[in-house]
Amino acid sequence: MQKLIIQGGLPLHGEVSISGAKNAALPLLCAALLTGESLTINNVPALQDITTMLSLLKQMGTRVTEHGNGEIVLSAAALTHLVAPYEMVKTMRAAILVLGPLLARAGEAEISLPGGCAIGLRPVDQHIKGLQAMGAEIAIRHGYIHAVAKKLHGARIVFDIVTVTGTENLMMAATLAEGTTILENAAREPEIIDLAHCLSAMGAKIHGAGTDIITVEGVSSLHGAEHTVMPDRIETGTFLVAATAAGGEIHLKNTDAHLLDAVLDKLTEAGARIDSAANWINLTMQTKPKAVNIRTAPYPAFPTDMQAQFMSLNCIADGTAIMTETIFENRLMHVQELKRMNANIEVEGNAAIVTGITQLDSANVMATDLRASASLVIAGLVAQGETVIDRIYHLDRGYENIEGKLSALGAQIRRIQ
Ligand code: EPU
């Protein structure tokens, strides 16, 4: 198993190019199932989750041509196998995103029910409830969701809880349904707007993406299109937190500051100076960071996917911070690993109380999920001595060449077998 070795204590200086967003690219690739024509997606990041999704789409009969430089052409002219097997869904829950498109275009789908996940229970009841309201017949048999619908019809669906992939799944399904679908209490994440732009370029009629009411007027068919994936706001935020914790000055290009207002506010509160323009962000940090309270919530509030990284920052900040996780039930697993690096953290229910110390101590630590891994990388960058991070396959699911990008900023980080 591969590991990362980090020699901590160096400030970060230099420029990094931000990749396309994983959580935008995954649903965009699934949108290819909605048409028999070719869909070209640019700026697709080279990540393990993308490889898994492409394998799944190929297995279903989609022709996939990778042109390098993140350009992928997908053609789902003939769907031959409408199944997402357990082996794939268990490694990547986003596979549930094929359910809506398959049902809308092919009238049938068999998707393994995702089990619990390291960060929480993560049920998919809202996806199922919405598709049932649109006329799908759904049964759970032998761990699989069996869904059938001769023709989906429009419906008014009020989500009980704000769900990102649930909103994406139903938005895709509704594009080919008969009549109008109204999604209320919809997620407002920028990745949903990105997907809506692509679907609109394919001929879909969508209004309100980015607000909590999305209206989709069904059309009889969608056509091919070309779309460029938005920048990864979580990768952007991760590098910004790393530089705020380690000190220095970094320049991030191919990104967009408007995607992460809540994160930039917290970094400014921590003492960083941030400048930005249309497609870049510059961060300078010359002082010891101040502790910042965090409460995660759906967009546009502070993202759960940035909570772990800010915890590492708070571990070495001046003062005490209260960090409350409201999205997932079990997303504080990095606490135990950070404590092995001497961090002062107390957990009470879904909150962590973090009191900053002068310096973290290096240690052998273990990545438990994607963003927890990122927090350990940041902790390693600021710790005294050599930190070894095990199980970094979690990191490879969501960060493209993280050691290469951090090395370019002057960090001492390397991967070993
Ligand atoms: N939920 C339900 N029922 C459902 C769907 C969700 O109860 O049918 C609950 C979940 O258990 C959770 C909450 O609703 O407590 C929000 O979950 P959501 O459905 O929004 O999460 P997701 O769509 O499965 C996406 C991202 C996650 C990110 C969350 C929250 C993708 C592929 N994944 O997951 O990304 O944390 O939204 O913003 O878009 C990551 O990149 O590290 C990651 C985990």
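Axes are lines fitted to C-alpha atoms, for helices over the stretch in contact, and angles between N-to-C directions run from 0 to 180 degrees. On that basis, helix H5 (residues 125-133) and helix H6 (residues 164-175) pack at an angle of about 25°, with their axes 9 Å apart. The model described here is predicted.

- Two packed helices are described by the angle between their axes and the distance between the axes.
- Angles under 35 degrees count as roughly parallel, and H5 and H6 are therefore roughly parallel to each other.
- H5 and H6 cross in the right-handed sense.
- On the H5 side, Gln126, His127, Gly130 and Leu131 make the contact.
- H6 contributes Thr165, Gly166, Asn169, Leu170 and Ala173 to the contact.

**The open sheet with S1**

- Four strands, in the order S22-S23-S1-S24, form an open sheet with mixed pairing.
- Its edge strands are S22 (364-366) and S24 (412-416), each of which pairs on one side only.
- From one strand to the next, the twist averages 20°.
- Strand S1 (residues 3-7) pairs with S24 in the antiparallel sense, over 5 bridges.
- Within this pairing, Lys3 has Ile416 of S24 as its bridge partner.
- Helix H12 (residues 370-382) lies across S1, S22, S23 (386-390) and S24.
- The direction of H12 runs at about 30° to S1.

**The open sheet with S7 and S9**

- A sheet in the order S6-S7-S9-S8 is also open, has 4 strands and shows mixed pairing.
- Strand S6 (83-84) and strand S8 (137-141) stand at its edges with a single partner strand each, so one side of each is left without a neighbour in the sheet.
- Strand S7 (residues 108-112) and strand S9 (residues 144-148) pair in the antiparallel sense over 5 bridges.
- Glu110 has His146 of S9 as its bridge partner.
- Helix H4 (residues 99-106) packs on this sheet and touches S7 and S9.
- The direction of H4 makes about 160° with that of S7.

**The hairpin of S16 and S17**

- Strand S16 (residues 273-277) is joined to strand S17 by a hairpin through 2 residues.
- S16 and S17 (residues 280-285) pair in the antiparallel sense over 5 bridges.
- The bridge partner of Arg273 in S17 is Thr284.

- The largest nonpolar core holds 145 residues, and Val98 and Phe310 touch the most other members.
- Leaving aside residues up to four places away in sequence, Val98 touches Cys30, Leu33, Met53, Leu56, Leu57, Met60, Ala84 and Ile111.
- Helix H10 (residues 307-315) is mostly covered, with 9 of its 9 residues buried.
- Phe310 is one of the buried residues of H10, and the others include Gln307, Met311, Leu313 and Cys315.

- Thr40 lies in strand S3 (residues 38-42).
- Buried means under 20% relative accessible area, so Thr40, at 12% relative accessibility, counts as buried.
- Apart from residues up to four places away in sequence, Thr40 touches Glu71, Ile72, Val73, Ala225, Glu226 and His227.
- Thr40 and Ala351 stand 311 residues apart in sequence, and their C-alpha atoms are 43 Å apart in space.

How values were computed: Residues numbered from 1 in each chain as written. Predicted model: local features only at pLDDT ≥ 70, side-chain atom pairs only at ≥ 80, totals over all residues. Heavy atoms only, no water. Core = buried A, V, L, I, M, F, W, Y, C linked by side-chain atoms within 4.5 Å. Buried < 20%, exposed > 50% of the residue type's maximum accessible area, 1.4 Å probe, protein only. Contact = heavy atoms within 4.5 Å. Pairing = 2+ DSSP bridges. Parallel < 35°, antiparallel > 145°, perpendicular 65-115°, else oblique. Left-handed = near helix turned anticlockwise from the far one by under 90°.
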